[in-house]
Amino acid sequence: VSIGPRCDAGAEVAGEGLALRGDLDRVRAAVARRAVAARRVLADLIGGAVRLDPRDAPSHFNIGFVLQRLGRHDEALEKFRQTIELDPKTDRAWYGTGISLSYLGRYQEALARFEEAGRLQPMNPHAGYQVARMAHRLGRHDRVRAEYERIKGFDPKVSEQIRREFVVPGR
C-alpha cells in the first residue's frame, strides 16, 4: 500500500508524518482531510470562473455540483437556482436541485425537480430512477409503477433496478 511519493509499505502521507505501519485509521483520517481540502480548493477555483462571467450557467452549475459533493446542499441549491435562471433547459441543474432537496428531506419538492429533469431529457434513465425513488418515499406506488413502465421501454437495466429496489406493485 502506498500513499504519497514513496511506493513501499512504510510510505508516509505527504506532510502528515504518518507511517502506514499499524495506524491505518490515522492515515485514513489524513487522506480524508486532504480530500476535503482539495474539494475546497476546487470550489474556490470554480468560483473564480463565475466572478469572470456571472452570466455563465455552466460555471454556476459546476459550483453547485462541487458544493453538493461537499454536503453543502443549501448553497448548492442556490447555485442550481442561478443556473436554471440563466438557462431553464439545463436538465442537470434540475436534477442536481432534486438531489440536494432529497438530502435535505424535501421529497415532494425533489420529485418535482426530477420530473422536470426527465421532461427536459425524456431518455435519461437516472432522472426516472430518482422520480421512482422519491415517489416510493412519498408512498406514491402508482407513480413508481408508471416510471418503471416508462423506463422499461428504453433502459431495461434501470427499470430492473427500480423493480428490485422499490418492489413495484403488481410485479
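Is Q130 buried or exposed, and what is its relative accessible area? In this predicted model, Q130 is buried, with a relative accessible area of 8%; buried denotes under 20% relative accessible area, exposed over 50%, and partly exposed the range in between, with a 1.4 Å probe and protein chains only. Local features require pLDDT of at least 70 and side-chain atom pairs count only at pLDDT 80 or more, whereas totals for chains, interfaces and linings use all residues of the predicted model. Residues are numbered from 1 along each chain as its sequence is written, and side-chain values use heavy atoms, with hydrogens and water left out.

Q130 belongs to helix α6; helices are DSSP runs (H or I, at least four residues) numbered from the N terminus. When residues up to four places away in sequence are not counted, Q130 touches Y95, I99 and F114, a contact being heavy atoms within 4.5 Å.

Two of these partners, Y95 and F114, also form an aromatic pair. A pair of aromatic rings is described by the distance of the centres and the angle of the planes. Rings of Phe, Tyr and Trp (its six-membered ring) pair if their centres lie within 6.5 Å, with planes under 30 degrees apart counted as stacked, over 60 as edge-to-face and the rest as tilted. The structure holds 4 aromatic pairs. The pair of Y95 and F114 is edge-to-face, at 5.4 Å centre to centre and 65° between the planes. Because Y95 lies in helix α4 (residues 91-103) and F114 in helix α5 (residues 107-120), this pair ties together parts that are 19 residues apart in sequence. Y95 is partly exposed at 23% relative accessible area, while F114 is buried at 0%. The rings of Y129 and F166 have centres 5.6 Å apart and planes at 40°, so this pair is tilted. It links distant parts of the chain, with Y129 in helix α6 and F166 in helix α8, 37 residues apart. Y129 is buried at 14% relative accessible area, as is F166 at 8%.

Ring pairs also link F61, F65 and F80 into a cluster. R92 lies over the face of F61, at 4.2 Å from the ring centre; the criterion is NZ of Lys or CZ of Arg within 6 Å of the ring centre and within 35 degrees of the ring normal.

A nonpolar core is a set of buried Ala, Val, Leu, Ile, Met, Phe, Trp, Tyr and Cys residues joined through side-chain atoms within 4.5 Å. The largest such core comprises 10 residues, including F61, F80, W94 and A117. Helices α2 (57-69), α3 (73-86) and α4 each supply at least two residues of this core. Apart from it lies another core of 9 residues, among them Y129, A135, V158 and I162.

Helix α4 is mostly covered, with 10 of its 13 residues buried, including A93, W94 and I99. The cover of these buried residues includes α2, α3, α5 and α6. G105, which follows α4, has a positive phi near 80°.

In helix α7 (residues 141-152), the buried residues are V144, E147, Y148 and I151. They cover an arc of only 105° around the axis, which puts them on the same side of α7; the arc is that of the directions from the helix axis to the C-beta atoms. Their cover includes α6 (125-137) and α8 (156-166).
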